[in-house]
Every structure is written in C-alpha cells, then in structure tokens.
There are 2 protein chains.
Amino acid sequence: MTQGMLYIVSAPSGTGKSSLIQALLKTKPFHDTRLSISHTTRAMRPGEVNGQHYFFIPLAEFKHMIAKDALLEYARVFDNYYGTSREAIQRVLVTGVDVFLDIDWQGAQQIRAKMSDTRSIFILPPSMEELNRRIRNRCQDSEEVIGRRMAQAVAEMTRFSEYDYLIINNDFNQALLDLQAIIRAERLRLKRQKLRHDALINKLLAD
Amino acid sequence: MTQGMLYIVSAPSGTGKSSLIQALLKTKPFHDTRLSISHTTRAMRPGEVNGQHYFFIPLAEFKHMIAKDALLEYARVFDNYYGTSREAIQRVLVTGVDVFLDIDWQGAQQIRAKMSDTRSIFILPPSMEELNRRIRNRCQDSEEVIGRRMAQAVAEMTRFSEYDYLIINNDFNQALLDLQAIIRAERLRLKRQKLRHDALINKLLAD
C-alpha cells in the first residue's frame, strides 16, 4: 500500500485558502483527500462535533502530548492550545489518503522539522488591492483592526519562499485546477507509483 | 522571464508515448509546449521538412558538433547519426516554453549527465498482454521480429526507476490528464513561480 502525502497549506487570510481546500476535497478523484483535524484545549462551541471540527481534550492531556513529542506542531493562542497529533495524521496517511493541513508559516516550520516527506503550498492573492478588499469584506471592523490584519497578511506572505509550490489565487477555478494538478502529479512520482503498481511492475519485468 | 522545462519521455514501443505527447501538444493551456527536433545525418525522405521533422545535416557537421560538445545526447543507428542540439533546446527554453524529448533510456542518461534541471517521465503499458497486442498490431512481422521487439520493450522497461515520474497508460485520457498534471504542477514549483510572478511578489511584499 502506498503512503498518502501530507500537504501543508499556508496563506494570509483573505486569499481564499479555506474555500480552495474545501472545493478540492469535494472533487473527484480527490474525494479521498482529507483535512487534518487538530487537537485543542478550548471549549466546544454549539454545533461543533468532537473528532470532526477538533479533537477536544483537557489541558493536562495536551501537555502530556507535548511532553511525549506526540504533536507535529502546536501553538498557544491566548489561553488555548491547538496542535496536530502525529498519530492522527499517520493513521490517515497509511491508508493511502493525502492529508491537508491548513496552518501558518510557524506551524509549517515545526512540521517540516519533524516530518521529512511533506509538500507545502503557499497561496498568494493576485494584488494588494484585492487582498485589502477581501479582508474588508470579511471583517466589518475598525480601520485599526483592518490595518493590523493587513500587516499580519504581509508578514505571513514574506514566508512564501519556504514552500515547495506557489499558487496565485487570481481566478478561483484556475487556482483549484492548480491545486488538483499538484496532488495528481505528486501521486505520479516514481516512489509512490512504484508502491502503488508493485504487482504490475513485477509482472512486466518478470520476463 | 521564467525558463521552460526540458521533459525527457521514455517508454517501450507500443505504450502510446507518441500519441500521448501529440495529444498534449494540442491541448490548452499546453499548446506552448514543443517537441524537440533532432539533428540527423540521414537523407531526407519525401514529405519531410528540414527544421520540422529533423535538422538534416552532413556527417562532417555532425562530427563537428560532437567534437565541440554541442549535443546533449547522440546515437548512431546503423549508418546514421541522430542527436539533440543543446543550443536548439536552449533557444526554446529561454522563451519560457517547455520542451519534450522523446528518447530511450540511453539518451535520457546522457542528457541527465549534461543538464541538471530536467524532468523525466516513463510510461508503462497496463499489462504484458496489452503490450504484446499493441506490438503485434503495429508490425505485421514474423514471430521472430515480434519476439525481438517484446524483448527490447522489456529491456527498456527495466530502466523505469531512473525516471522522476511514472505513468501507466491504461486509459489514454487518464494518461493524458496525468501528463498535463505533471506539467502544470512543475510550473507551480516555487523556483519557476518566483521568476514568473516576480513583479507581483515585489509589490505584495513592498509594504
């Protein structure tokens, strides 16, 4: 059985990252792709399902996971912890399914340090004006908040060159085709194809 | 301007390699992909056009090209020489266009030794029976000739693991989608996207 690939996807907010990943997960033949589910110590909100939106765990358990190096990455946001369990990811990858991890550049760095065979994708907006427009549409906030979000977006974007692939989300459908092409092509790499078509290759070369 | 990529494509005869490459060259957005044109010392046949099917050159000129290392690869087949000019390839690559080179494993090895930034793709048939059937359909030859071609095909196939990508041509349309995905994904790699979107990236990070 061939191993799935772990994809790290980062982008400043307002780049359409989540919509792209959601659209990808729905398209054939990529419906066997999954989104990584994080562990968190924050309280469950109405409508959330444990094991679907997050794995909700107590702080003591989270700290225990940190201590035994069970997390590929984690971060503290205000009073809550969020992290990615190595075991939860591996459990999906061994079934041959690709896993998507929607994370910032700091999380991406932590994961690359702990797992060698990953691919990372950075998504950029088509222009500064478009990014500004999308951030304004999202948050009906004060100019100060918008200014802070723009500064955060620029800070995140400076990290694009740490990634394997770069997608410019100018046209949503083209960006989705880009994402699909990357996953399809990665599945065609020698190492993965050799495992997937092991039986066929042995037969062809048996002569 | 971003540089095009040189793709080396190999496969045993009867795998549909040429049809796949021809179909790829006709599809958008890959119509800016080109097939490499070889230099040869053999005589031009009726209907052939110099600079389109081959660059037809005298033996002395071919030997001069070998002497000054102007060929990425070459081979002698009976009394004729065939080779790939480094300059002819570079002239296309600098315009940002990807070039396809349809060549056997020996030519592929020569090119990899002389050019570092290439990608190579190997195409396998879906089964031994299908390969046998396709080879029989192609040459209405004696059992001896067919046997020799099958042996050649197997010998070529043993080299598949020297390639970056592996495509199984079970269904022509799926194999074409595979080929398209590889080219699209390779164009999204950081190094090429950085060059292609240089102006945009500078603007986004100017802040």
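Biologist: Hi! Does A:Ser18 count as buried, partly exposed or exposed, and what is its relative accessibility?

Modeller: A:Ser18 counts as partly exposed, because its relative accessibility is 43%. Keep in mind that this is a predicted model.

Biologist: Where is A:Ser18 found?

Modeller: A:Ser18 sits in helix H1 of chain A. The unreviewed UniProt entry also includes A:Ser18 in a feature called "binding site".

Biologist: Which other residues does UniProt place in that "binding site"?

Modeller: The record lists A:Ala11, A:Pro12, A:Ser13, A:Gly14, A:Thr15, A:Gly16 and A:Lys17 along with A:Ser18.

Biologist: Let's take A:Ala11. Buried or exposed?

Modeller: A:Ala11 is buried, with a relative accessible area of 8%. Its place is in the loop between strand E1 (6-10) and helix H1 (17-26) of chain A.

Biologist: What is A:Ala11 in contact with, leaving aside neighbours within four places in sequence?

Modeller: A:Ala11 is in contact with A:Lys17, A:Phe122, A:Ile123 and A:Glu156. A:Lys17 is itself listed in the UniProt "binding site".

Biologist: Why the two directions?

Modeller: Because side chains in a regular strand alternate between the two faces of the sheet.

Biologist: And in which sense does E8(B) pair with strand E1 of chain B?

Modeller: They pair in the parallel sense, over 5 bridges. B:Ile8 stands opposite B:Ser120 there. E8(B) also pairs in the parallel sense with strand E9 (residues 165-168) of chain B, over 4 bridges. In E9(B), B:Leu166 is the bridge partner of B:Phe122.

Biologist: Now helix H5 of chain B. Which of its residues are buried?

Modeller: In H5(B), residues 128-138, the buried ones are B:Met128, B:Glu130, B:Leu131, B:Arg134 and B:Ile135. They lie on the same side of the helix, because they cover an arc of only 160 degrees around the axis. The face turned away from that buried side carries the exposed B:Glu129 and B:Asn137.

Biologist: What covers the buried residues of H5(B)?

Modeller: The cover includes helix H9 (198-204) of chain A together with helix H6 (143-157) of chain B.

Technical notes
Residues are numbered from 1 along each chain as its sequence is written. Chains are lettered from A and ligands numbered from 1 in the order in which they are written. This is a predicted model: local features need pLDDT of at least 70, side-chain atom pairs count only at pLDDT 80 or more; totals for chains, interfaces and linings use all residues. Side-chain values use heavy atoms; hydrogens and water are left out. UniProt positions are given in the numbering used here, feature names are shortened, and annotations may be inferred rather than shown by experiment. Helices (H or I, at least four residues) and strands (E, at least two) are DSSP runs, numbered from the N terminus. Buried means under 20% relative accessible area, exposed over 50%, partly exposed in between (1.4 Å probe, protein chains only). Contact means heavy atoms within 4.5 Å. The arc is that of the directions from the helix axis to the C-beta atoms. Two strands pair if DSSP finds at least two bridges between them.
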